[in-house]
Amino acid sequence: MRVCEAGLRRRPTDPVLLSSVERLVEAQLAFYEGDYLTLQRPAYGVEAFPPEELSLLENSYVEWLHAEQLSTGEQVLYGHSGFWQHWWNLLHEQTEHPLCMDVVLPDVPEVHRRNWTLDVRADLLRGVTEAGALRLRVLIPPGEPEGGLAELAALIERSGFEVRVRSSPFLFAVYRGTAAVISERENQHDEAYFLTRRPSIVAPLQQVFDDHWRSAIPWTSYTRGASDVLELMSLGWTDLRIAESLGLSMRTVSRRIADAMAAAGVSSRFELGVRYAQSRG
């Protein structure tokens with residue numbers, strides 16, 4: 001209760017609070033991500049509490065959840081664990097209809113380098129899919145048809161969700177068009193997320209996503225032969241030389257380059273070549 005009343009989001013320095021947090025961690029009711037502290041909703045934990053004790057713990061958890069609200073319906077979610085804990089809470093609170101979630105991954109180097117298979121629990125995603133509890137659309141940046149992003153895209157599609165390719169500098173998620181989570185990078189090592197339900201913020205973000213989604217390229221279309229075409233194009237080859245080398249028609253080569261330009265959000269072949277080279281490191 002002391003931890004919840006204090007609204008702790010980071011590892012405490014006070015010995016009494018630190019001892020309380022350590023007991024919560026041992027009971028798997030709290031966990032750290034670096035110095036960020038995230039509490040687990042007791043009802044989702046591994047231990048079965050008596051009804052009265054569970055009710056008390058749930059009330060304390062709700063107190064902690066809203067202890068740092070910036071204004072009505074707004075709060076800061078600390079670290080990736082905080083982001084996914086919020087998503088897990090929303091999923092359980094959405095009982096009548098699937099939770100609609102639109103996600104944009106930014107076109108930044110760390111997204112391309114990240115091993116996404118370590119972040120996604122396939123068993124959890126499978127359970128959510130089988131229960132029909134989620135409707136998901138994901139926009140990922142253009143990159144290599146192999147690697148972390150490709151594995152993530154394959155997992156999303158295997159789960160029955162939609163993934164398209166479109167470059168964007170921002171990371172955000174919109175839920176049901178009524179709430180949004182935006183990345184707030186504090187420094188090189190820490191990351192926090194800002195949750196808001198303000199219509200003046202959520203509605204424009206939903207519009208941005210919908211506009212990007214309409215102009216995005218389905219992942220399977222983007223990867224179908226795009227790697228070889230872009231590799232040769234980045235070497236300065238003409239469309240004719242690329243077509244002859246790969247045994248493709250000129251029309252096919254031009255279409256794949258046009259699709260890649262649209263996905264990368266660029267207006268020239270030169271810009272596309274630069275972006276492709278950057279994605280290769």
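**Ground rules.** Because the model is predicted, I took local features only at pLDDT of at least 70 and side-chain atom pairs only at pLDDT 80 or more, while totals for chains, interfaces and linings use all residues. I number residues from 1 along each chain as its sequence is written, and side-chain values use heavy atoms, with hydrogens and water left out.

**Helix α2.** I started with α2, residues 15–26. Helices here are DSSP runs of H or I, at least four residues, and strands are runs of E, at least two, numbered from the N terminus. The helix has twelve residues and spans 16 Å from first C-alpha to last, close to the 16 Å expected at 1.5 Å a residue. That expected span is 1.5 Å times one less than the number of residues.

Next I looked up burial (buried is under 20% relative accessible area, exposed over 50%, partly exposed in between, with a 1.4 Å probe and protein chains only). Leu17, Ser20 and Val21 are buried in α2. Viewed down the axis, the buried residues fall within an arc of 100°, so they line one face of the helix. The arc is taken from the directions from the helix axis to the C-beta atoms. Pro15 and Glu26 are exposed on the other side of α2.

I then checked both ends. At the start of α2, a side-chain oxygen of aspartate 14 comes within 3.0 Å of the backbone nitrogen of valine 16. Just after the helix, glutamine 28 has a positive phi of about 60°.

**Second largest pocket.** I read off its lining: 19 residues, with Met1, Cys4, Leu24, Leu29 and Leu57 nearest the centre. A pocket is an open set of points on a 1 Å grid over the protein atoms alone, where a 1.4 Å probe fits, with protein on both sides within 12 Å along at least five of seven lines; lining residues have an atom within 4 Å of a point. Helices α1 (2–6), α2 and α3 (51–65) each give two or more residues. The most come from α3, with five.

**Arginine 176.** This residue sits in the loop between β7 (172–175) and β8 (179–185). Arginine 176 is partly exposed, at 37% relative accessible area.

**Glutamine 206.** I found glutamine 206 in helix α8 (residues 199–215). Glutamine 206 is buried, at 14% relative accessible area.

Terms used:
Polar contact = N/O pair within 3.5 Å; in protein donor to acceptor, adjacent residues only side chain to side chain.
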